[in-house]
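Dear colleague,

Please find the structure below, followed by an account of what was found in it.

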Amino acid sequence: MGRKLENEMLEQLYRSYYDSLMIIACSYTHNEESAKDLVQTVFLKASVSYEPRGSFLFWCNKVMRNEFYTLLRRNKMRADEDLDSLDLRSQDDVLSSYIHNEERARLAAMISMLPLKYREVMIDSVYLQMDDDEIAEMRGLTRANLRQIRSRARKMLIEMKEAEDDRYR
Amino acid sequence: MIDIDKELDDLALDQNEDLDKAIEKIIDRRMRRVAIKVVAVTLLIIALIFLGLSPLMSLVFTNPASANKGSHSLLTKTWQAYFESNYPYMECYSIEVKKDGFGCYTIYPTMIDHRGDIELVLGSKDPEIKMTRGKLSIVKDTGNYTATLSGRFYGYNGTRAWTGSEKAAEIKSIRQLPASAWVYVSVSGKKTSDIAELKKIDKDKLHIQWAQVYLPKCDYMPGINLYENAINDNETPREDMTAKQLKAQYISNIKVMRENTRLWKGLGLLGGYHYVDNDQIKPTLDKAIKAAEKSDTLKTRNYCIGGTRDEIADYLEKTDIYCAHIDKVDLAHL
């Protein structure tokens with residue numbers, strides 16, 4: 001396989017995973033431009049360091065999380081600093097470019113508004129469909145603790161959905 | 001009623017196993033290419049170090065290989081002068097230098113020991129001397145060519161004068177050797193003699209081989225070969241040299257040493273009772289040159305002779321000496 005073919009394959013891979021990576025990145029950054037930068041950096045790093053112990057998307061998420069924390073440290077920000085100033089509609093607008101279903105885009109926007117601890121678990125569990133053992137091991141949690149976090153996240157999402165439904169009634 | 005679990009399940013992102021395998025292969029190839037590049041660059045750097053650093057070190061440090069070019073090279077000339085001046089009976093005939101790289105060299109001088117039948121073994125690897133970035137060290141010398149016998153002459157290293165009975169006993173023991181024996185003796189005479197005069201003792205079965213030139217007020221008194229020197233074409237044999245020629249040869253030897261100390265100083269210079277410090281070598285040699293130039297003829301008190309049992313015993317008997325040291329006995333001289 002020549003280098004040209006390799007580059008073509010990488011491009012194809014980038015296009016294939018771009019929307020998925022943007023959904024995860026937007027969930028972290030809450031900002032489309034920052035998410036695009038993050039996706040580019042993450043793809044470059046992940047494509048030279050990929051260890052086949054899980055899917056490429058799983059690996060990208062791992063790299064993205066590290067990049068996101070580095071970004072927070074560099075900007076001296078706290079993880080959940082901007083949550084209060086977020087509004088669901090703007091998040092919905094950003095994510096609807098990558099999820100072509102109104103209901104799903106709104107739910108993804110709600111996930112992105114969860115506190116980081118809950119958001120990370122939902123990204124692993126919902127977007128990447130990782131099983132509990134993998135998530136617990138990766139995050140250094142017990143399975144019971146993980147279930148508790150996910151259960152609270154679900155409750156928060158239900159409350160958000162109910163509040164949203166009430167607004168439209 | 002909200003079925004959140006179903007809605008969440010619908011959010012699962014698509015993953016493509018085939019694409020994942022493809023990227024795995026691409027990364028493997030890229031890593032292999034990077035590894036090959038790293039190895040190639042490392043080898044290139046090592047090659048550059050070998051090819052570039054080694055010649056550079058040869059330029060910075062003393063290079064005996066470049067001093068050994070030509071039929072009678074500077075290195076050979078210098079070591080001939082050094083060995084003749086400091087080692088009775090020994091002569092450096094020629095030198096082979098092997099480049100070890102990075103300013104390191106192995107030097108193989110072909111040495112002649114003038115005691116006994118001369119065996120000139122060209123290409124012999126004994127002695128083996130290393131020069132490592134300008135510093136000389138003797139690695140092998142099974143023939144003791146570079147060994148110094150410090151108590152050879154009277155006054156050195158506590159060597160005392162013989163009593164009359166000791167002298168008689170030594171001569172008696174020499175006479176007990178077989179008539180065919182050839183004896184080599186270092187003689188410490190009581191009188192200072194002209195070397196040209198001393199040479200007159202030379203006859204068929206008695207030869208003066210080497211003499212330490214007497215230089216008053218000098219700690220370092222180099223010597224000169226007087227018999228069977230193998231060196232150089234168009235040169236008068238030592239046994240036929242006039243007093244003037246001997247003096248010129250003697251001074252020339254010290255001057256060659258003086259001008260090329262970097263080629264031999266690691267071998268040491270024994271002046272009197274101790275080795276001369278490196279920074280004192282040139283002043284010491286200058287002093288010896290000046291003293292030799294001042295003298296009309298070369299004189300000696302300490303010298304080495306070789307001859308048959310009877311000739312040596314007779315000579316020692318009739319000569320006024322402090323003491324003598326028997327350097328070697330050959331049971332026959334072919």
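**Helix packing in chain A**

In H2(A), the residues Leu38(A), Thr41(A), Val42(A), Phe43(A), Lys45(A) and Ala46(A) meet Trp59(A), Cys60(A), Val63(A), Met64(A), Glu67(A) and Phe68(A) of H3(A); contact requires C-beta atoms, placed from the backbone, within 7 Å. These contact residues divide into 9 nonpolar, 1 polar and 2 charged (Ala, Val, Leu, Ile, Met, Phe, Trp, Tyr, Cys and Pro count as nonpolar, Asp, Glu, Lys and Arg as charged, and the others, Gly among them, as polar).

Please note that this is a predicted model, in which local features need pLDDT of at least 70 and side-chain atom pairs count only at pLDDT 80 or more, while totals for chains, interfaces and linings use all residues. Residues are numbered from 1 along each chain as its sequence is written, and chains are lettered from A and ligands numbered from 1 in the order in which they are written.

Helices (H or I, at least four residues) and strands (E, at least two) are DSSP runs, numbered from the N terminus. The axes of H2 (residues 32-49) and H3 (residues 56-74) of chain A come within 9 Å and cross at roughly 125°; axes are lines fitted to C-alpha atoms, for helices over the stretch in contact, and angles run from 0 to 180 degrees between N-to-C directions. H2(A) is therefore oblique to H3(A) (under 35 degrees is roughly parallel, over 145 roughly antiparallel, 65 to 115 roughly perpendicular, and the rest oblique).

**Contact between the chains**

Chain A contributes 26 residues to the contact and chain B 20 residues. On the side of chain A that touches chain B, H1(A) gives the most, with 7 residues. The residues of that side divide into 17 nonpolar, 5 polar and 4 charged.

**Sheet and helices in chain B**

An open sheet of 5 strands has the order S7-S6-S10-S5-S11 (chain B), with antiparallel pairing; strands pair if DSSP finds at least two bridges between them. S7 (223-225) and S11 (321-330) of chain B stand at the edges with a single partner strand each, so one side of each has no neighbour in the sheet. Within the sheet, S6 (residues 206-213) and S10 (residues 299-308) of chain B pair in the antiparallel sense over 7 bridges, and His207(B) stands opposite Gly306(B) in S10(B).

The axes of H4 (residues 164-175) and H8 (residues 309-318) of chain B come within 9 Å and cross at roughly 165°. H4(B) is therefore roughly antiparallel to H8(B).

With kind regards

Conventions. Two residues are in contact if their C-beta atoms, placed from the backbone, lie within 7 Å.
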